[in-house]
Amino acid sequence: MGVSRRSVIATSLAGAAAGALPLAAEGASTAFAASAPGDVVGKVTVGYQGWFACIGDGAPINGWWHYSPNWSQSPAPGACSITCWPDMRDFTKGYRTNFANLGNGQPANLFSSYDQQTVDTHFRWMQQNGCDTAALQRFNPNGGEGATRDAMAQKVRSAAEAYGRKFYIMYDVTWWLTMQNEIKADWTNKMAAHTASSAYARQNGKPVVCIWGFGFNDDGRPFAPAACLDVINWFKGQGCYVIGGVPTHWRFGTDDSRAGFIDVYHAFDMVSPWMVGRISDNAGADWFYQNRVLGDLADLNGRGIDYQPCVIPGDLAAGHRRHGELMWRQFYNHTRAGVKSVYISMFDEFNEGNQIAKTAESAAWQPTNAGMRALDEDGTPCSSDYYLRLTNDGGRMLKGQIGLTEARFTVPFPTGPDQTAPSVPGSLRVTGTTDTTVALAWNAATDNVGVAGYRVSRGGTVIGTTTTLAFTATGLTASTAYTFTVAAFDAAGNASGASNAVTATTAAPPNNNTNLAAGRPTAESSHTQVYGSGNAVDGNTGTYWESANNAWPQWLQVDLGSAVATRRVVLTLPPQSSWATRTQTLSVSGSTDGSTFSAIVGSAGYTFDPATGNTVTITFPSTVTTRYLRLTFTANTGWPAGQVSEFRVYNG
């Protein structure tokens, strides 16, 4: 990755003299969020790397990604890229390293982010601890990491949907020197499709995207202001709400910020200044509150721009955490300043030691030869989930759900370790089947402390977790029998035995040859002469819809009558040889209410050739349940208008 976020030019302003500066009086700020609450405003967002892989996990990258300096070799003492050891008790699968066993004798295994169960577990922790939204980090996807990063986006989407969290794409442009055009292509061709998810974050009705790195004063981000503005305005032109991950000293154009970037920073819908590596104690946090946070708020509120400052737990490897005092001080300062939204840096950043995810709480839970600090490094016992619980309480204070308090009240270690497993879930049963899914339900288990969730297994292999009493197994084969069980677990990692087993047979495959759009109502942006939108669903390839000339963009829409599963569209032009080959540039979007549309397939060029029937098939990345499907045209090499003779929609 070259220059890491942590090694970005460090500030010298939060030094030993920081504590000598006076603090603003309580209530001195009358700050307010520029936007109403949404999926990022008024919320706690966590940065999610999702970049750990292990040999043998099936990831395309096929290496110890971000675990070892040499990805072909298992991490070992002196050859390891993480600075803290994850608590592995909640994961059903781990990968053996070359470290010695843990202090409790268990093997030194690490998780892979490529396992869906890992991502599900992380998002369950978010759900349990007040983390509203996850910002999935996406670095240059055009090299060897691209396929794995693409897969991680889908895994995060699935977990966010399952656990009721929101997520958005956060582009980190570090060392992505050809970013200006490639970031647009990546969004259009790949990432925009995820905005169709109900879990994709929206603010002010717009899908959220973040760009981290514009204006930083280092070799890894050498972009000129004009190039940065071009990218920001392009994303806004796509209908996005754009967050900027900006330098700490962005308003001043000094230290970690290049000069001459203020117009770039003010072009964002939300500004989120970086803080990792900037503070290590409460005095530093207070200095930034007085000298940056209050001024940032005043500047942005006056311009109608939202503000999302960072909260960091502190570098565990460097001994900055002080059993939660540093993190709580930031929550306290932001709350009294009137901040409404925060970004936690980070959820799973075990490389830089600023993760809030469950971490080894003592020497018993990390390798005996790791040489790493555990959460009790300063002599105060802290449970592995302490910084998750601290995030939850800090978020509640920020949202006004509890009163402002300077004193940290989150208990570092719950009373006594819980060693009692939950009871076995009762009456597992099948509640529905399709050709590719089986829906399950069961009766609740009980526990002396509380059931944290349920693991669902198919044929003895865990396929998912949930905190509810129902689960739908997906991606199954039609006309096939499957056997399921479910087990309960608690927050301490204790698991029940398996429930009764149930067997279900999936349905036969559907008839994928039924055109769902045939004869359905249509709408359009315009048409010329007699070539109205109804021609596109009349079953006659000789009639067609044609928009007004030279008035891009133009759109054609069909109403399927109700929200139904859709998988592909087939578009045709009249088959006559007089219709010469042409390429039309178009995108596909969907809506359940006819007013708010989400991208399904990004804009691309499609060639209609009479020699092959003048037909184009566009297959969706995944099945989309929608009522209204809209084609938006922006170019046509054969005529200056959008043209379609038949607009067909299929569920498979």
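Modeller: H6 gives the most to the lining of the largest cavity, six residues. This is a predicted model, where local features need pLDDT of at least 70, side-chain atom pairs count only at pLDDT 80 or more, and totals for chains, interfaces and linings use all residues. Residues are numbered from 1 along each chain as its sequence is written, and side-chain values use heavy atoms, with hydrogens and water left out.

Colleague: What counts as a cavity or a pocket?

Modeller: On a 1 Å grid over the protein atoms alone, a cavity is a set of points where a 1.4 Å probe fits but cannot get out; a pocket is an open set with protein on both sides within 12 Å along at least five of seven lines; lining residues have an atom within 4 Å of a point.

Colleague: Which residues lie nearest the centre of the largest cavity?

Modeller: Met 275, Phe 288, Val 293, Cys 310 and His 334, out of 17 lining residues. Helices H6 (282-301) and H7 (325-337) each give two or more residues to that lining. Helices are DSSP runs of H or I, at least four residues, and strands are E runs of at least two, numbered from the N terminus.

Colleague: And the largest pocket, what volume?

Modeller: About 1,800 Å³, where a volume is the space filled by probe spheres set on the points, joined across faces, edges and corners. Of its 48 lining residues, Glu 161, Thr 437, Thr 474, Ser 622 and Thr 623 are closest to the centre.

Colleague: Which element gives the largest share of that lining?

Modeller: S16, with six residues.
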